[in-house]
Amino acid sequence: MIINETNGLCFKLVGNAYTVTGYQKQWAPVEVIIPSTYNGKPVTAIGERAFSMDCFVQRVVVGSNVVRIERRAFADCRSLTKIELGNVQFIEQGAFAGSKVCNVVIPKSVKQIGPYAFNAMARAVVTFENPCYWYWVDKPDAVEGRLAPITPKEPEKTGRLLYGSSCWWIRRDTPSSKWG
């Protein structure tokens with residue numbers, strides 16, 4: 001079964017946009033399509049623990065207006081093996097921790113990855129659609145950071161560094177003296 005905005009997703013209006021908070025439990029979806037809009041307003045986030053510990057969802061397609069995947073949104077989803085991230089910009093702490101996603105392509109739109117976002121995903125291959133310069137920082141609003149050993153020349157190291165990482169990751173398109 002596939003669920004989308006017309007059959008089973010739950011939404012919460014936050015300001016002038018919607019956040020997906022989960023789905024009605026009587027559905028047992030294998031695929032979830034997060035829409036770009038709902039009731040004429042943009043869907044901009046997947047809420048904290050929205051699908052956490054779900055045992056049915058195998059594939060998620062994220063709509064083009066979704067910019068944030070909140071804390072532990074897909075944590076411990078034991079059946080989740082595929083996710084299409086669309087235009088997501090922020091992947092928060094533990095977003096996919098413990099899920100069974102096999103391949104994660106981080107779109108060039110991603111600006112920030114939270115700690116433990118991909119923790120306990122031993123079989124996952126994480127790659128960047130457009131590798132650039134990533135920095136380790138202690139908090140998401142940091143003004144300085146250390147250059148991570150992931151650069152456009154070394155994208156193959158990405159997965160090993162993201163698994164279990166306890167720091168925030170901030171993207172910069174070019175190296176900076178303040179960041180490094």
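Q: Helices (H or I, at least four residues) and strands (E, at least two) are DSSP runs, numbered from the N terminus. Where does Glu92 lie?
A: Glu92 lies in the loop between S10 and S11. This is a predicted model: local features need pLDDT of at least 70, side-chain atom pairs count only at pLDDT 80 or more, and totals for chains, interfaces and linings use all residues. Residues are numbered from 1 along each chain as its sequence is written, and side-chain values use heavy atoms, with hydrogens and water left out.

Q: Why is Glu92 called buried?
A: Buried means under 20% relative accessible area, exposed over 50%, partly exposed in between (1.4 Å probe, protein chains only). Glu92 has 16% relative accessibility, so it counts as buried.

Q: What does Glu92 touch, residues up to four places away in sequence not counted?
A: Contact means heavy atoms within 4.5 Å. Glu92 touches Arg68, Ile69, Glu70, Arg71, Gly114 and Ala117.

Q: What makes Arg68 a charge over the ring of Phe90?
A: The rule asks for NZ of Lys or CZ of Arg within 6 Å of the ring centre and within 35 degrees of the ring normal. Arg68 lies over the face of Phe90, 4.5 Å from the ring centre.

Q: How many aromatic pairs does a search of the whole structure find?
A: Seven. Rings of Phe, Tyr and Trp (its six-membered ring) pair if their centres lie within 6.5 Å; planes under 30 degrees apart are stacked, over 60 edge-to-face, the rest tilted.

Q: Why is the pair of Tyr23 and Phe51 called stacked?
A: The centres are 6.0 Å apart and the planes 25° apart. Those values fall within 6.5 Å and under 30 degrees, so the pair is stacked. Tyr23 sits in strand S3 (residues 17–23) and Phe51 in the loop between strand S6 (41–46) and strand S7 (59–61), 28 residues apart. Both Tyr23 and Phe51 are buried.

Q: How do you know that Phe96 and Phe118 are stacked?
A: Their centres are 5.7 Å apart, with 5° between the planes. Phe96 is in the loop between strand S10 (90–91) and strand S11 (103–106), Phe118 in the loop between strand S12 (112–113) and strand S13 (125–128), so the pair ties together parts 22 residues apart in sequence.

Q: Why does Phe96 count as buried?
A: Phe96 has 0% relative accessibility, so it counts as buried. Phe118, at 0%, counts as buried too.

Q: Which residues do ring pairs link into a cluster?
A: Tyr23, Phe51, Phe74, Phe96 and Phe118.
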